[in-house]
Amino acid sequence: MKILNANPTMDTASVTVSAIGITEVKNAGKLRALADVDVVFDGIEMIIQGVKVRADDKSTEVSLPTYRAPDGSWRAAIILPDEIKDAISDTVIAAGLEAGILRVKKESVGDRCRDATEAKADQE
């Protein structure tokens with residue numbers, strides 16, 4: 001993946017994201033797994049540990065590590081551009097699917113009927 005630099009006089013930067021490992025977490029509410037991710041920025045490697053995977057019947061969310069600040073609030077432990085966060089999210093979800101920790105939601109008969117009805121209404 002190529003990330004464009006905000007400074008137009010600079011070249012683009014090469015960024016590679018790969019999952020090192022993903023570990024299933026049981027009995028922790030929506031938290032399904034923790035992942036370690038390798039991010040390489042123009043040949044400089046950085047490992048992010050503790051990437052959280054939360055999922056329920058409706059959605060799956062990947063979030064970067066956080067810490068509790070002295071005031072009790074939760075803060076991001078690392079701040080990255082959206083393009084890199086999206087690449088991390090896609091990579092971690094793919095690793096979770098491959099490991100069998102996550103699964104693709106099966107469409108219900110009701111969903112298919114609703115979609116067919118909406119498509120028919122759009123054609124009319």
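Helices (H or I, at least four residues) and strands (E, at least two) are taken here as DSSP runs, numbered from the N terminus. The structure is a predicted model, in which local features need pLDDT of at least 70 and side-chain atom pairs count only at pLDDT 80 or more, while totals for chains, interfaces and linings use all residues. Residues are numbered from 1 along each chain as its sequence is written, and side-chain values use heavy atoms, with hydrogens and water left out.

**Helix α1**
- Helix α1 covers residues 82-98, and its 17 residues reach 24 Å from the first C-alpha to the last, close to the 24 Å expected at 1.5 Å a residue, where the expected span is 1.5 Å times one less than the number of residues.
- The buried residues of α1 are Ile84, Ala87, Ile88, Ser89, Thr91, Val92, Ala95 and Gly96, buried meaning under 20% relative accessible area (1.4 Å probe, protein chains only).
- Gly100, which follows α1, has a positive phi near 80 degrees.

**Leu64**
- Leu64 is found in the loop between β5 (60-63) and β6 (66-68), and it counts as buried because its relative accessibility is 13%.
- Leaving aside neighbours within four places in sequence, Leu64 is in contact (heavy atoms within 4.5 Å) with Val51, Lys52, Ile78, Leu80, Lys85 and Ile88.
- Although Leu64 and Lys52 are 12 residues apart along the chain, their C-alpha atoms are separated by 6.4 Å.

Notes:
Buried < 20%, exposed > 50% of the residue type's maximum accessible area, 1.4 Å probe, protein only.
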